[in-house]
Amino acid sequence: MTSPKKESGNHQLINRLLLIAGGFLLLLMIAFYREINTWLAVVIDILSPVILGLIFAYLLNPIFRLLERRVFYRVYPSAARRALSLLLTYIAALLLIGLIVLLILPQLISTLMNFISNYQFYVDGAIASVNGVIESINGVIFNFFNIKNALNYIDASIVTTLFNNILGELTEAIPDLTNKASLFISGATDVIFAIFISIYLLTSKEKRYAQIMKFRNAIFSDKINQRITKICTTANNLFGKFVEGRLLDSLIVGVLTYITISIFQIPYALLIASSIAVWNMIPAIGFLIGFVPSFIILLFTDATLLFPFTLIMFLIYQIDSNIISPRIVGYNTGVGPLCVIIAVCTMGTMFGFIGLIIAVPLFATLLNLADDLIHERLQHKRMPDDTENYFAPDLSMDYMHMSKSRLGRIIVRIEKRALHIINQIAGGHENKLSKKDRSFLSFYQNARKMNLLSEAPPEVLVQFSAESVEKNVRAESNARYEEMLENVIEGMQDDKVGGVQA
């Protein structure tokens, strides 16, 4: 019989070997990622109907489940309820896709045809606008530094030649597209097969789940099955919340963009709003990617609207980043801005547009699983789990820097000031409050009643209270010390005066 010490040593050895093997495998994937991408492209091309069917089924399952369990739950038999829910799910999806295509495609074609037929006029106008800006900058530089023509003007002939070459290449590419009609037919066939596969998966999802669990229980141990269930549950929650949140957020941003730029009579409002909404599905940089083609369209059509358009887009971006997105998507992914940028850049380079979409939820899943593993290891070693316990001992950390976002820091700052005013009132110093403090407290109480402010963490409130108590105690001690010092000085002066009189 092996001793517990020996079993622990074997377990540590296995963990180290697995860690080394995982690191070596990761290095191999990085070194040969082009070959791996080529192999994956072949596999995905072969299995594209199945993969698309799984994606369709996963995206439509929440609507299907809602209709079956909440809307048509009184319809019997269950087969009729399921068939009706499935039919309405696909009708709603097809109507939504058709509506988007009908809204965007005609205006996109009209814009392209208008630009191609009048591109010389638009190019000349854009060059004139840019040269006007360059002239203004040169004037400022000359006034301050006495340097003439610091920036060179754009040559219209060079730009015209460049556009003629681009249009010529596009014209030559049209016959190639017609010759590759088989690719479009193959893609349409894959989509049709994927729809049928998704229908089959949704109608028999309980049976498919039972078959998968049967296979898992036959192959893996209970411990490994628990780990697989945890990984799948975490990935499903993060992917589901992310996709639903990003869809709703993109819809709100698109509608807000369309309404705002329509009020300011900026052309191609529907096309610009649609572009912003679609690209906004990509976290962190999607809004900026959608802004660039819209900026270029306005540069060639009406450059005088660039400044108000840029200002409107900046305001909408700030509203989305600080108000809309945190409220809808929240902090469910748990991925910081730096990790978002790394995830988007890495996955976008390796897997293109699909990589941009799945980058954040995939990294969030990996980080969540890593956090669970770290938590288990620290519990095994009987060490604290809070990150605050691992800062450098000589580092003075303020709770303001522990907040997860700019909005969180603002809320914490509001909570701190409100609690300070409330403590003053509780201490009987209400008469010392300024008019500004009273107005702020009234605003804070109304915001609380309307649920506009999220609840501050309990540890933050405890720290506020401790700081307030410490400040009050320090203030009382200073006042008492000053009073004692004044009494001592007055006593010494009285003794001095009495001695002189004597």
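**Figure 1. Ser275 in helix α10.** In this predicted model, Ser275 belongs to helix α10. With a relative accessibility of 18%, Ser275 counts as buried, because the cut-off for that class is under 20%. Leaving out residues up to four places away in sequence, Ser275 touches Gly290, Pro293 and Ser294. Besides Ser275, the buried set includes Ala269, Leu271, Ile272 and Ala273. Ser274, Ile276 and Ala277 also belong to the buried residues of α10.

Figure 2. Most residues other than glycine have a negative phi. Gln265 is not a glycine, yet its phi is positive, at about 55°. Tyr268 also has a positive phi, near 55°, and is a residue other than glycine. Gln265 is placed in the loop between α9 and α10, and Tyr268 lies in the loop between α9 and α10 as well. Their surroundings can be read from the accessibility values. Gln265 counts as exposed, at 70% relative accessibility, whereas Tyr268 is buried, with a relative accessible area of 19%.

**Figure 3. Helix α3 packed against helix α9.** Two packed helices are described by the angle between their axes and the distance between the axes. For α3 (residues 48-71) and α9 (residues 222-263), the angle is about 75° and the axes are 12 Å apart. The two helices, α3 and α9, are therefore roughly perpendicular to each other. On the α3 side, the contact is made by Tyr58, Leu59 and Pro62. On the α9 side, Asn236, Phe239, Gly240, Val243 and Glu244 take part. Sorted by class, the contact of α3 with α9 has five nonpolar residues, two polar residues and one charged residue.

Figure 4. Most peptide bonds are trans. The bond that joins Tyr76 and Pro77 is a cis peptide bond, with omega at about 0°. Pro77 is found in the loop between α3 and α4, where α4 covers residues 78-117.

**Figure 5. The aromatic pair Phe287 and Tyr317.** The structure holds three aromatic pairs. In this pair, the rings of Phe287 and Tyr317 have their centres 5.3 Å apart and their planes at 45°, so the pair is tilted. It links distant parts of the chain: Phe287 lies in helix α11 (residues 286-301) and Tyr317 in helix α12 (residues 306-328), 30 residues apart. Phe287 counts as buried at 3% relative accessibility. Tyr317 is partly exposed, with a relative accessible area of 24%.

Figure 6. An α-helix has 3.6 residues a turn, so residues three or four places apart point the same way. At 17% relative accessibility Phe291 counts as buried, while Phe295 counts as partly exposed at 29%. Ring pairs join Phe291, Phe295 and Phe309 into a cluster.

**Figure 7. Ala359 in helix α13.** Ala359 is found in helix α13, which covers residues 337-380. Its relative accessible area is 0%, and Ala359 is buried. Leaving aside neighbours within four places in sequence, Ala359 is in contact with Ala343, Val344 and Met347. Ala359 and Val340 are 19 residues apart in sequence, and their C-alpha atoms are 7.9 Å apart in space.

**Figure 8. The whole chain, for orientation.** The protein has 16 helices and zero strands. Of its 502 residues, 25% are buried. Among contacts between residues at least 6 apart in sequence, 62% join residues at least 24 apart.

Notes:
Residues are numbered from 1 along each chain as its sequence is written. This is a predicted model: local features need pLDDT of at least 70, side-chain atom pairs count only at pLDDT 80 or more; totals for chains, interfaces and linings use all residues. Side-chain values use heavy atoms; hydrogens and water are left out. Buried means under 20% relative accessible area, exposed over 50%, partly exposed in between (1.4 Å probe, protein chains only). Helices (H or I, at least four residues) and strands (E, at least two) are DSSP runs, numbered from the N terminus. Axes are lines fitted to C-alpha atoms, for helices over the stretch in contact, and angles run from 0 to 180 degrees between N-to-C directions. Angles under 35 degrees count as roughly parallel, over 145 as roughly antiparallel, 65 to 115 as roughly perpendicular and the rest as oblique. Contact means heavy atoms within 4.5 Å. Ala, Val, Leu, Ile, Met, Phe, Trp, Tyr, Cys and Pro count as nonpolar, Asp, Glu, Lys and Arg as charged, and the others, Gly among them, as polar. Rings of Phe, Tyr and Trp (its six-membered ring) pair if their centres lie within 6.5 Å; planes under 30 degrees apart count as stacked, over 60 as edge-to-face and the rest as tilted.
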